[in-house]
Amino acid sequence: MKYNFTEIEQKWQKFWDENKTFAAAEDYSKPKYYVLDFFPYPSSEGLHVGHPEGYTATDIIARYKRMKGFNVLHPMGWDAFGLPAEQYAIKTGIHPRITTQKSIDNFKRQLKSIGLSFDWDREVATIDPKYYKWTQWIFMQLYNKGLAYQAEIAVNWCPELGTVLANEEVPEQIEKGYTVVRRPMKQWMLKITEYAERLLIDLDMLDWPESTKEMQRNWIGRSEGAKVTFKIKNPSQAGAEMEDLGGVLTLEIFTTRPDTLWGATYMVLAPEHPFVDKITTAEHKTAVDIYKENAKHKSDLERQALEKDKSGVFTGAYAINPVNNEEVPIWISDYVLMGYGTGAIMAVPGHDERDWEFASKFHIPIVEVVKPAGTLTSDITKEAFTEEGVAVNSGFITGLKTEKAKKKVIEWLEANSLGKGTVQYKLRDWLFSRQRFWGEPFPVIHLEDGTVKLVPEEDLPVMLPEVDNYKTIGTGESPLAGIPEWLNTTDKETGLPAKRETNTMPQWAGSCWYYLRFLDPFNEEEFVSKEKEKYWMPVNLYLGGAEHAVLHLLYARFWHKVLFDLGYVSTREPFVRLYHQGMILGEDSNKMSKSRGNVVNPDEVINGYGADSLRLFEMFLGPLSASKPWSTNGIEGVYRFLNRIWRLIIDENGNVNSAIKDVKPEGDTERIMHRTIKNVTDDIEDMDMKFNTCVSELMIYMNEISKLEVIPRENIIVLVKLLAPFAPHLAEELWHRLGGNTGTITYESWPEYDASKIEKSVITIVGQVNGKIRVRLDVENDLEEAKLLETVKNDEKMKTYLDGKQIIKEIVVKNKLVNIVVK
RNA sequence: GCCGCCAUGGCGGAAUUGGUAGACGCGCUAGACUCAAAAUCUAGUGAAGGCAACUUCGUAACGGUUCGACUCCGUUUGGCGGUACCA
């Protein structure tokens, strides 16, 4: 009887569905294991063979943990709001709900056809009002805690998409060929900066890839330094505006090197700095205005793409250096960014590359105030010296090492109220609104007097209305602004007329907390019950691609910490262990893409070889974390392997192979069984998830037992059980045919091994002379070292290499080798 | 530019963490079965030399540490990912 994978796979998929085999139990007495895949966006293209790699890996872990007796939660759902469906709606007029649902159905069909053991009863989708009710509710908690606010800021506006983008989203969209320009707009912001320090520190407690943690650290960008106040000189030639100011105007700057204050030979303001107009003298006004105008029209993209060639103009004003009362000229330049620090810097060309470049170009003096310590040398006329060293020409800190000098300057600044030590972060607040239709509406109303209010909790969810125009209207308002019957409402409390907030939330909102909803997907009273949250959290294993290292993974940590502070969740971090699977490339070793024509569709692979072959091959391809090319030939190998297993257990007539007998495995047969259990178990448990070697261990085991004339039944049972997480359909079928009477192999116990039975009685060791292998010998296991040495030295062949030579050293490693060093 | 990761047969990749390099699979070669092919099975397969047993070389390149290095250290080259005027 042939291995009919299609029939077997459909049969067991139906069985699992009907019996709800993978439903997580609400049995809190059992140890739990929560294994989660990154929330997928159901694209209209469906899966390519890259997707099942991660899903298969988590599925193996889920199935393995079930056999190890854990109560496993392995859910799946949809991050279903998103631009593609809305863009498609604009083009075709088809409601995004319809296209999205179609995509979800297709994704789900494909995932099921791979035999993934999801608890489908817990499926959620962010577009479901029952789900986004709670996304809105969490927003209300953020708002009430003062973490959500509106601000008129320069945003990243993308004209093609008709929406603003978060800083984190900009590079991706530019890569896709969209343009992004700066433009001031009133936007919702979330104060993620308030959590910057904790988001940074708590990274240390996470078992995450070091590269991802490092990327988050860089993104948060903590730097220690000082804010220093410079007085602006009231120059006689100052413009009229300056005179009107009356009091003293001071300029605050941030620096990480307060020890270089003595080397500050000029100041730079960002062109957008509010002081620019106030301090510019009449003489320089025209030049400054032109420069400002140019800077405004440069998009961020242009600012970045341009050569690092410095530009700038002098304002005519001077500042007083607080440490030595020297006058330093104030320039403006777009190499200083308004968004970081105070938007103004003291420039120390001797010790900062950018300042050095600028000063060289504009012939501003370069002063040396730090000399390298030790043997290093520096020549600041040739380039800036940016390392730490010893302060020179620096008043009371002269002679101090950089670290000490910094401290002393900060103390002095604080004592004289001229500045203070501070910490700055690169991280900005999260721009949280989009001018889009297809997203969660904000639970917010605006009264005519400008009051902003949350809608009452009992009115949640604020539903998306039905519309027939999906385009952004006018100058960038969401299509929601064009629906008066939705837009206009009344404030319940006062009865006054009000308008709804027409922005919607970004796609990240729904994915910030979905891992919590899976714990309690039907709860209408709470977003998750405390009891369930306490039992299931945190997520034990979270698996997905590295591309979300700073976006989703930072946002979700932020929301989680807020919920923790409010007492709604019990863990400080949501995902204790994170793993990134590598990419599966096309057969040409390029990234799979439609345009390259190298996309492999899993449906075709399943039709040709079956889901079990697909799963096994995805794992066999190489280490999970590596990028590796797909190989159509390669899948033949695992397909043959599954066929061999089938033929080993089932004969031509469909009966169990008569060579399988109820005898005890003995000798080598027993040994290889224990060895295989150990190796497969260890490799599954391994932090590196080395499933490729698991598969090869199974192949070796099968090769060995198929040589036997009488095959002990236990060997076969072990094979089928070990195979179950990897090729579950075939394992179920064989288990069933072998007389497994429990219906499914899913909850059968994972085989145990006896370490003492793995060791061989006779092992091969090597004899080396001067490190070169000269002979291989079979000796008894654990032969003591002296005897081992003697055996090797007495070997005839060894003797030919040793005769007439002087023995200098003898190295003996038990069970491994003997190395004799001669002269 | 800076930060992080990587480099092993014709190909994907193993290597008990300093101790038999190339497991397992693909591909290829030969044989068995067949009228023939496919499938299947058996044997071989890093390179060079030799009829052979065997010998020499071999983990990107060069150097170092060590009785012994794919593994540790230094330099160089090539590739991948991230980031980019963050003061």
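User: Take a salt bridge as a side-chain nitrogen of Lys or Arg within 4 Å of a carboxyl oxygen of Asp or Glu. How many salt bridges does a search of the whole structure find?

Analyst: The search finds 45. This is a predicted model, where local features need pLDDT of at least 70, side-chain atom pairs count only at pLDDT 80 or more, and totals for chains, interfaces and linings use all residues. Residues are numbered from 1 along each chain as its sequence is written, chains are lettered from A and ligands numbered from 1 in the order written, and side-chain values use heavy atoms, without hydrogens or water.

User: Start with Arg 257. Which residue is its salt-bridge partner?

Analyst: Asp 259, with the closest N and O atoms 3.0 Å apart.

User: Is Arg 257 buried or exposed? And Asp 259?

Analyst: Buried means under 20% relative accessible area, exposed over 50%, and partly exposed in between (1.4 Å probe, protein chains only). Arg 257 is buried because its value is 12%. Asp 259 is also buried, at 1%.

User: What does Lys 292 pair with?

Analyst: Asp 277, at 2.8 Å between the closest N and O atoms. This pair links distant parts of the chain: Lys 292 is in helix H11 (residues 285-297) and Asp 277 in helix H10 (residues 275-279), 15 residues apart. Helices (H or I, at least four residues) and strands (E, at least two) are DSSP runs, numbered from the N terminus. Lys 292 is partly exposed at 22%, and Asp 277 is partly exposed at 37%.

User: And Lys 757, what is its partner?

Analyst: Glu 670, with 3.5 Å between the closest N and O atoms. Lys 757 sits in the loop between helix H26 (728-737) and strand E26 (762-769), and Glu 670 in helix H23 (residues 667-685), so the pair ties together parts 87 residues apart in sequence. Lys 757 is partly exposed at 35%. Glu 670 counts as buried at 19%.

User: Which residues are linked in a network of salt bridges?

Analyst: Asp 202, Arg 557, Lys 561, Arg 572 and Glu 573.

User: Now Asp 612. Where is it, and what does it touch?

Analyst: Asp 612 is in helix H21 (residues 611-620). It is buried, at 0% relative accessible area. Contact means heavy atoms within 4.5 Å. Not counting residues up to four places away in sequence, Asp 612 touches Tyr 3, Glu 9, Leu 642, Ala 727, Pro 728, His 729 and Leu 730.

User: Which residues are buried in helix H13?

Analyst: In H13 (residues 353-362), Asp 355, Trp 356, Phe 358 and Ala 359 are buried. They lie on the same side of H13, because they cover an arc of only 170 degrees around the axis. The arc is that of the directions from the helix axis to the C-beta atoms.

User: What do the buried residues of H13 pack against?

Analyst: Strand E8 (266-269), strand E10 (327-332) and strand E11 (344-347). Just after H13, His 363 takes a positive phi of about 55 degrees.
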